[in-house]
Amino acid sequence: MIKAVTYIVIGLFVIFGFLYMFVIDVSVDDITSNIYIEDKKKNNHINDYLITNDFNLKTFTQKITSSCLQEDAACKTVEIYKYIRSSFIIDNSTDYSSPNPKTAFLNRQGTYLDIALLYSSLLLHSGISTYIKKDNNKFYNYACGIENEDMYNAVIKDIRLSPFTKKELTLKNQQVWAFDLTRNDNNNLIIDVELYSSEKVDIILFPNKQEMNAHLKGQYGRYNKDCARFNITEAKLTCQAPKTGIIMVKSHKDDNKFRCNIYRGGLLFGDIKYEKSNKGNNCIQIDVNSKGTFQYPGIIN
């Protein structure tokens, strides 16, 4: 009997000790505090602020990239970049302590980091792997799984959508068509010229109208020898355009049908910046706050 009572008492002590250790002494505040600390540590990394698995954002991204083929990641990267650059304002704040790409999306405005996070979030929702790195005062996005050649071709294709001019005419013998490249700024301008004609023509880049008129009168007229072709029916030229430059096409036959397209040029394949990810994927480097002549993915100024 005494043994039985002893076992009962010991059993009660064990039960109460278990409750004290694992139930009574557990504080909800401690759990909340620990979770908060873990989350705070997690959010110290830039990429933890990216928006993921948002149905509305995915639907929105599909609209932005509707002109691209499903598998064309380079096209999607360009279209999302153009949308970000044209639709959002990067404010002057340098306080990056509380980034919030969702608020930036709603307000159409945010810090440099907010807009970078929003851009990569849109890339994610279009099926493109991405991450962000900070380098001094710059935030660089990376769009992975895209080869440099594909990105270069996507950028060139977009540039070609907005030519300086696309002209189709029928010229008479000795008739001239000219395009004025005069501009107010002092920025360097390189042009790509494509010309096709049914009969032979001359195409010449002059430093100004006076030199062109002198040439047409049979007088000495200075011109860019690297950007001049005579008696040809097609040509592809890359030229540095003077501030007051003018490009001329002169026909040598009647009923001469020709087409001339002039685009902003100067972008080279080697201009596309990239790095290899830890998994060995090719990742295009991007700056959403680029200030250069070419504002595209892969072009870092």
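The dialogue below concerns the disulfides of a predicted model.

Reader: What is a disulfide, and how many does the count come to here?

Author: A disulfide is a covalent bond between the sulfur atoms of two cysteines. Here a pair of cysteine sulfur atoms within 2.5 Å is taken as a disulfide, and by this rule the count comes to three. Residues are numbered from 1 along each chain as its sequence is written, and side-chain values use heavy atoms, with hydrogens and water left out. Because the model is predicted, local features need pLDDT of at least 70 and side-chain atom pairs count only at pLDDT 80 or more, whereas totals for chains, interfaces and linings use all residues.

Reader: Which cysteine does the disulfide join to Cys 144, and what is the torsion about the S-S bond?

Author: Cys 144 is joined to Cys 283, with S to S 2.1 Å. The torsion is about 105°, so this disulfide is right-handed. Cys 68 and Cys 75 are also joined, but their link, with -75° about the S-S bond, is left-handed.

Reader: Is Cys 283 buried or exposed?

Author: Buried means under 20% relative accessible area, exposed over 50%, and partly exposed in between (1.4 Å probe, protein chains only). Cys 283 is buried, at 0%, and Cys 144 is buried, at 11%.
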